[in-house]
Amino acid sequence: MSAADIQLDAQGRLRHFIAIEGLPRALLTQILDNAERFAPVGDRAVKKVPLLRGRTVANLFFEPSTRTRTTFDLAAKRLSADVLNLNIEASSTKKGESLADTLRNLEAMQCDMFVVRHQVSGAAHFIAQQVAPHISVINGGDGRHEHPTQGMLDAFTIRRHKQDFTRLSIAIVGDVAHSRVARSNIQALKTLGVPDLRVVGPKTLIPPQIEAQGVQVFDDLDEGIRDCDVVITLRLQQERMQSALLPSANEYFREYGLTAERLRLAKPDAIVMHPGPINRGVEIDSAVADGVQSVILQQVTYGIAVRMAVMAMILGNQALAGAA
Amino acid sequence: MRWQIRGGRVIDPANGHDGVADLWLEDGRVLAVGRAPRGLKADEVFNANGLVVAPGFVDLGSHLREPGFAHKATVAREARAAAASGFTTVCCTPDTQPVIDNPAVVEHILKHAASAGGARVLVLGALTVGLAGEVLAEMHALKAAGVVGLSNLDRAIKDTAVLKHALAYAASAELTVISQPEDYWLGRQGQVHEGAVSTRLGIPGIPAAAEVIAVHRELTLAAAAGARLHFSRLSAADSVKPIVEARRRGQAVSADVSLAHLCFTVDDIGHYDPNFHLRPPLREKTDRKALAKAVATGAIDAISAGHEPHDVDAKAAPFGLTEPGMSTYDTFLPVLLAQVAGGAFDLATAIGAASLRPHQILGREGGHFSPGAPSDLCIFDPTRRWTVTDDTLLSSGRNTPYFNHAQTGRVVATMVGGEWVFQASV
Amino acid sequence: MSTQFDIDALLNTMAAQLRERLDHAGISNPALVGIRTGGVWVAERLRGLLGLDEALGELNIAFYRDDFSRIGIHPTVEPSVLPFDVDGRDLVLVDDILYTGRTVRAAMNEIFDYGRPRSIQLVVLFDRSGRELPIEAQVVGAHLSLRAGEHAKLAGPSSLHLEIHRTRA
């Protein structure tokens, strides 16, 4: 079964949002277009529409994440859904309850949607296979696999600034090997037609045969970001030094840290992105993170609109399927 | 008791025999193939018209799960499932709870197997206490209790000195060491073959190098120690050459590949199908083809089932949280025949690799129909079509990718030591 | 089929009535809000007739409909735009056809999520029977009497005309 098979219903409408891999371009464009419609809601006095009134969205976080949970929380609330936040890592799994049992319990709470974050790749896919037919699943990040709403909000941010994907050069810099954001970005941007997509990092942080996904690999930052329209920097985790993938944060910053000087190699109007949280002075210099080319805070804002769009589409499709 | 197995296609690779013939048995031994010895009259006749009569299969590594994991499988049930699948001998792996590192556990398993009335169960002992890779198991005591070989399974031994000593001590105890070669450090975090699929799915990878390095390491140490070494469940193409070269130098080394590794590749994992979570991992198409070729040329001696039955919960989780392994007894014959039909190797090679060669690896008589050989045989219908369903599966393990798949070839009867341990109800 | 209403004449009359009402209420600076899509066309014409300079507000009530659970989210419509501060303003809400009242209910809900207007007048080009909510327009171009199974739709925007369709029973 392909990921697309489980994500789309018989009419090709979005039913779960697990991975960008395999989804058609038209659907990704539709998500971006819908996000454009939801974006203005955040600028109003009452930042809320009654679209999902009476629906219940459960945030199932098997791995701690304040930021992602908050934006999903906000997105659901701006759609007037009821939100249930469950930090499962702290409760059931430590008591030895299996994931399947946890899911059965949550189903009994009559939720319409699960937003799932899990430290194991494939967890969202597994949960989507397991849940009752009236429940939809959004992947809020699974292991190193995908983080599809982040991928779409990055695409949204890029489209707002650069309009036409088919003319862009985009570099993704850093720990691609351990990054679900990088995988979703690659899938989204390739599907949306970006012709020149690059990953940049030392060989220890570039996963094997990543070229198969249609990207060019650079281990030199200056070469990798030269003439790019967009530079996406990835977060570097401390564990990478402990597992001997890198000598030190200092050396990483010297070789791969995005500084104002290096950014000059990209196009003059290049934008700089980062999925957060930022390690200043490790993967990015403060002057760049806070500089005029940075759109990092916009990413956070757009993330809410994108998540609103995905939730509304999926629950709307659920309604259609139910009415049919 | 004298049996005439009448009119079947008798395949006996050891004697170069493949043709319709009668097989004559007496008191658990083979008397003759072809014409009856002068003056012999059978007490009983088995009509094998249209069927294949072959030496019974051997699995060099069956996880029978008992004691300790009876929720997955029991020795008795799996021994009967093995018999119904054409196996006359299966080797129980030592990853039980408690581990088979002392004679008491060996006796426990043999007792359960004896009363099951299925395939003959042999026992593999642990190479190190608790399979922990630190302290040598009491190998002489295990041997006295009846183990036929020693293995640390997929629990790679970190400390090369421990491995060196274990091989040397096993050599002096005259026990074969059965190794699933994998470098501890390269394999410890991985769950799938390292490559495009591990990258796409975001699952930590196990490079082929993890196996190839371990093959070299163990060959070198075993040669120095004079240990008899068998590599089980090879997965990487590059593992074959060093084994062939060592054998050419006169080293006592043999190898098997699991049937699943001849059928599937890492691509079959698709989107996290836990049925394809195996250890060692499924690798590339080039590996699969190289391994099949190595079976065809004899560079790899044997094909194992590597039967690993699991309870449903063991596979009902995200891929990385599932337990590795595939339940393989029930489909072993048709899948093996499909490999033959697909041209991987001929039928005589397949049967030799599933029966004669593993007998030789274990140093046991059998796997052929020379006069005096034990009457361990299976009789199968090579054209019978059937579908794998919950009702047809005799193993407790439902962890097979063949659910609802049509199969061609089915075991009709299995005899162990002159006794029918399985006869299909027609 | 198209029907024989002189929509330009109706709009002129409506503009006159609306001006009179606004004058009477002492409203000198009303803000027009059209409901997409027909209401926006009507509002645009009224804006010209009333000589108002300020841009129209345009409401897309898709997020406020009470039938989301039957029809899902419509993929193509434009977002709502209210290019002025709603707080304390006198609004004129414009739609093409007033029928059940649900659209106007949704539109008013949405308006209140932008702020608290001082007043709202409702102006519709056509009023047809079939109200399900207690909502009435202050200014009506014409009353339609349709038989069961007939549906009216305003076509535009270059030349506005009314189309009546029958659904087969």
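Analyst: Let's begin with chain C. Keep in mind that this is a predicted model. Chain C has four helices and seven strands.

User: In what pattern do they come along the sequence of chain C?
Analyst: Reading along the sequence, you get α-β-α-β-α-β-α-β-β-β-β.

User: Thanks! What is the radius of gyration of chain C, and what would a compact globule have?
Analyst: Chain C has a radius of gyration of 16 Å. A compact globule with 169 residues would be near 15 Å, so the value for chain C agrees with that. Along the principal axes, the C-alpha atoms of chain C fill a box of roughly 50 × 40 × 30 Å.

User: And what share of chain C is buried?
Analyst: Buried residues account for 34% of the 169 in chain C. As for how the chain comes together, take the contacts in chain C between residues at least 6 apart in sequence: 67% of them join residues at least 24 apart.

User: Switching to the interfaces: how many residues of chain C are in contact with chain A?
Analyst: On the chain C side there are 14 residues, and they are in contact with 19 residues of chain A. Helices α3 (68-71) and α4 (102-114) of chain C each supply at least two residues of that side.

User: What kinds of residues are on that side of chain C?
Analyst: The side of chain C that touches chain A has seven nonpolar, five polar and two charged residues.

User: OK, how about chain B against chain A, how many residues there?
Analyst: There, 18 residues of chain B are in contact with 23 residues of chain A. Helix α6 (residues 196-201) of chain B gives the largest share of the chain B side, three residues. By class, that side of chain B divides into nine nonpolar, seven polar and two charged residues.

User: Now inside chain B: at what angle do α1(B) and α2(B) pack?
Analyst: Helix α1 (residues 75-84) and helix α2 (residues 103-116) of chain B pack at about 50 degrees, and their axes are 8 Å apart. The two helices are therefore oblique to each other. The crossing of α1(B) past α2(B) is right-handed.

User: Which residues make that contact?
Analyst: From α1(B), the residues are B:V75, B:A76, B:A79 and B:R80, while α2(B) brings B:I109, B:H112, B:A113, B:S115 and B:A116. Together, the residues of this contact split into six nonpolar, two polar and one charged.

User: Great, that's just what I was after!

Technical notes
Residues numbered from 1 in each chain as written. Chains lettered and ligands numbered in written order. Predicted model: local features only at pLDDT ≥ 70, side-chain atom pairs only at ≥ 80, totals over all residues. Contact = placed C-beta atoms within 7 Å. Nonpolar A, V, L, I, M, F, W, Y, C, P; charged D, E, K, R; others polar. Rg over C-alpha atoms; globule rule 2.2 N^0.38 Å. Buried ≥ 20, exposed ≤ 12 C-beta atoms within 10 Å, placed from the backbone. Axes fitted to C-alpha atoms, helices over the stretch in contact; angles between N-to-C directions. Parallel < 35°, antiparallel > 145°, perpendicular 65-115°, else oblique. Left-handed = near helix turned anticlockwise from the far one by under 90°.
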